[in-house]
Amino acid sequence: MTKTTTLYVGNLSFYTTEEQLYELFSKAGEIKRIIMGLSRNTKTPCGFCFVEYYTHENALECMKYVNGTKLDERIIRTDLDPGFKEGRQFGRGRSGGQVRDEYRQEYDEARGGWGHMRAKQEEERKRQQEESYEAIATVPAGAELQINSRLGPASPSHGGSY
Amino acid sequence: MDFSGRLGGGHGSGARRDVDEFGRERRNRPHHRKPYERPTRGFRGGRPPMSGRAGPADEAKEIESRLSSLIIKVGDKNTPTLQNNLDALSVVLEKDFTKHEATVLKTFRQCVLELPWKVTVYSTLAGLLNAKNSETGAKVVGLMHAVLRRELSAGNWGAVKVLVRFFALLVDANAISATTLLAMLDVFLKPVVSDDGTEIAVSAQNSCYVFIVTSALLWGGRALKQHAPEELAVRLQTIEHYVQRHSELNQDNTLTAVFHDAQPKGTNILAYQLGVLREVAEAEWKIDAVFVPNGMFASELGQATQHDLPTFELPTGLRSDSYYVPCEFLQLVPSPAELVVRRYVLQDLIADTISQLEGNRKDCAKYLMQVHGLCGEDVCSVMTAAQHPEDVDPESSLVFEYMMVEVLFTSLMQLPEGPYREMYYSSLAIELRKAEPQILANVFETAVENIVARISSFDIECINRLSNWLAVYLGNFGFQWDWTKWEGAAEEAENSPRRRFVEETLLKLIRLSYLDRIKAQLPESCLSLVPSKTPAHNFKFTVQSMDERTREVSVAMGRCLKNKGTADQAMEILQTHYSQWSDVDEETRQGLAREMLVEHVLLLGSKTFSHMLNAIEKFMPALQRFGDSPEAKLQIAQVVEDFWLKNPQFCAITIDKLVNYRVIDPATVVTMLFDTSHIGRWCMFHLWEILRNTVNKVNMRVVQLQGRLIVAQSAANAIVIDDAEQSETQQKPQGESVEHVEAVLEQMLLEQKEVVVLTTQRFVQLLSSNDGTADELDRAWLMGRFKEFMRSYRVQIVANTQALENQVFTADASQDTRQVFENTRVLST
């Protein structure tokens, strides 16, 4: 760790590209390579990456100057890392992404919407909602009349779609 | 990590145990803290926790952390209680000193080094400790002297300056004698004057030393005037002579001037600083910008014992570019002319704070906002959020925020280069604005607009730096900026400084985010300043634009690469196809095949930076085989440039990686950059980004090899000693042989020389010819970049003076290029 040249970078947007990372991180020194963190299942970026510099000093300067600034309007976090090894580019959450996205409760547009668990719950809720609505296949005749009367003289097809 | 343990970092952890509930070592990071685990700082009234576990060791820690916090906080503000606080603190410290010596000394050292604007408070505190107990005083003074020697041998000039100023004030606090201080200053002044006292030697080193001494005299002059007026006069005369000689030599040297509309002073801040010193001397050496508490304790300090300090040596063998280059504070906002001394004193303290707290930008921002704490009420005004920015009149009184931002931009724009990376000043500005969102958003906006209003006389490299700074800064605040103020730029010539600045800043913003995001932020009137389409590649072999047989090769190559074909397979395809082209000669065939290969490899790697690296790595053997002559290498580089014509970022990265893999040489890049096809486009920033990257890379390789040589030499020496001890065992030398590294280094030094000479030559040829530039503005850009190159790499330039004089600066070279060469040599003596 005392001589590492690699940084772990977290809290990225899923849409942040390598080139954006390159632009920002090269401000602390020449970059050797960038490894994007990918979801194990979909092989798409899942919000973290590794940045490797040529020297340890550059990695430290990056910690001093770049850590905690914004990229793609998100505050990014950097940590010194013992070094990248094959396999570490994949998320370790159960759904393939990062563990933190597994349990996240807030909606985060730039990180794929809901966290994985919450996304499943939301999906389930939506399914149930649809089921319970679809169960009422026929709208009671009286109700239809009421709706139409409130909307004024609407076309029959419009009223029927409810 | 050396920067996490800075001031304030370790406080409040008094009663925490060193292992967690699982017996593992605790990692002191906030995000590892469990929700139920409260930081001890939060206990009401600051009392230690009431649990039975708190043993004597914990209590001692608690006391020590409270002592540190008292030392850090004392004198934050110039309040009526300051005298009592200082007195009480010195009593407490004196009483507990023996018990907590290490902590007190450590905190004291940190405070002097990292809170430089409170130097008057800490020198008084040291004086009071000394007056109460001269043994304690001796320890404090001795420690600071050891720190000074250490910082000096490390060449940390910022720290040295702060420490010498502290010692200067210790005379006033009666902790050291005037003769001790004079002896210290004489160490710095010794190299300035020849042994017989007649010659003055001007150099980067001596300017740095004179600057340190002048800074110290500003604060120590009062005591010296009282105790040793004649000796003081002698030192002042030495400084005057130096500054005069320095001014003569730098009279027309505008090589490092940031603004060209002001009086050309060049590097001549020393004259300005001397002027301030003279004014202070005339005012009986009284500095009224900052409160000096020594006076309140005159009778007590008067009875103290003075300490003598041993003398010390200056470091030797440092490169001329490793010294601190004093620079003048930029005037970006008008300020009252009669307050020049106050302004200098405060800005000097601000500059030291920015420099000394570089390790922790958050703390730096926090403390910077407190620097005015020791000022009297009428010295400078501090903005409030309730004020409208236009209600503050910087011409009637000094405005703290403007002074601070001026210092920040001075450091950012320092030429030839500042002590820290440019990015530091972006992230520091971000922290400052986060701390005071309303006030500083306006202050930064005013400062940037005032610079842009003078942009035609702004140094070219500084335009580039400001553009980088602004892009990162805006990227952290939602890209919010009043672009309408610059909409007139769209009407100006393509290469007018303002238009270039705005366009390049927008390009940087697009690199940091994406085109549509930036477009959404721009008013209609500025849309013509950004590209209409997302930057993409420019693949040559699209179906429409080629003949039948070229299409055949291209399709075959495309298929091969897409199906994960190898370098050999690709070479085979090129061979089979082009060998049938009997109507063209071998050289043309090679050129066509080379172009075909490079275009397809680039296309394969055009998706992301990683794809590009993979593609180049995979086809490296083929690329290297095709790049077998300087002309062939140049063709490869030109194909890359053409392919990424609309995406300068990718162009720069690809060129960089090709140099890394030695597919092309640094000299290839230089030749490509100065190609006549770029005439009229010298204003484009990315060309110079590529040049800088390339030269830096060559220089870095030299430094690395020099390091490897030292390792190899010491390893070889160790083996010799081993051999001598046990001559029977035939040990093979491990690691690299010295001869091998020496040979590689020699090769690399030749390459470095080639790049430096070639680049200078191309600059001078273009600047000395009528066809080298398209118009006056084009020439101004090229000239600016020439100056940037010369002063940035002055060490390499001076090392190759002979070659440059013979090959480049001949009679054909234009007068102004030769002037730049002369100025570069003066700069690096």
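Visitor: Are Phe188(B) and Tyr209(B) buried or exposed?

Guide: Phe188(B) and Tyr209(B) are both buried (under 20% relative accessible area; over 50% is exposed and in between is partly exposed, with a 1.4 Å probe and protein chains only). The model is predicted, so local features need pLDDT of at least 70 and side-chain atom pairs pLDDT 80 or more, while totals for chains, interfaces and linings use all residues. Residues are numbered from 1 along each chain as written, chains are lettered from A and ligands numbered from 1 in written order, and side-chain values use heavy atoms, without hydrogens or water.

Next come the rings. Rings of Phe, Tyr and Trp (its six-membered ring) pair if their centres lie within 6.5 Å; planes under 30 degrees apart are stacked, over 60 edge-to-face, and the rest tilted. Over all chains, this rule gives 44 aromatic pairs. Phe188(B) and Tyr209(B) make an edge-to-face pair, because their ring planes stand at 65° with the centres 5.7 Å apart. The two residues of this pair are 21 residues apart, and the pair links distant parts of the chain: Phe188(B) belongs to helix 7 (residues 178–189) of chain B and Tyr209(B) to helix 8 (residues 204–227) of chain B. Helices here are DSSP runs of H or I with at least four residues, strands are runs of E with at least two, and both are numbered from the N terminus.

Phe211(B) and Tyr324(B) form a stacked pair, with 5.5 Å from centre to centre and 15° between the planes. Phe211(B) is in helix 8 of chain B and Tyr324(B) is in the loop between helix 11 (298–302) and helix 12 (340–356) of chain B, so this pair ties together parts 113 residues apart in sequence. The two partners can also be described by their cover. Phe211(B) has a relative accessible area of 4%, so it is buried. Tyr324(B) has 24%, so it is partly exposed.

The loop holding Tyr324(B) runs up to helix 12 of chain B, and Thr353(B) is in that helix. Thr353(B) counts as buried because its relative accessibility is 0%. Setting aside neighbours within four places in sequence, Thr353(B) is in contact (heavy atoms within 4.5 Å) with Pro116(B), Trp117(B), Cys364(B), Leu368(B) and Val371(B).

Another threonine, Thr136(B), lies in helix 5 (residues 134–154) of chain B. Thr136(B) is buried because its relative accessible area is 4%. Beyond residues up to four places away in sequence, Thr136(B) touches Glu94(B), Phe97(B) and Leu129(B). Between Thr136(B) and Glu94(B) there are 7.4 Å from C-alpha to C-alpha, although they are 42 residues apart along the chain.

Elsewhere in chain B, one aromatic cluster is formed by Phe674(B), Trp682(B), Trp688(B), Phe763(B), Phe786(B), Phe789(B) and Tyr793(B).

Now for the chain as a whole. Chain B has 33 helices and two strands. Its radius of gyration, taken over C-alpha atoms, is 31 Å, close to the 28 Å that the globule rule (2.2 Å times the number of residues to the power 0.38) gives for 829 residues, so chain B is as compact as a globular protein of that length. The C-alpha trace spans about 105 × 70 × 65 Å along the principal axes of chain B. Of the 829 residues in chain B, 53% are buried. Among contacts in chain B between residues at least 6 apart in sequence, 76% join residues at least 24 apart.
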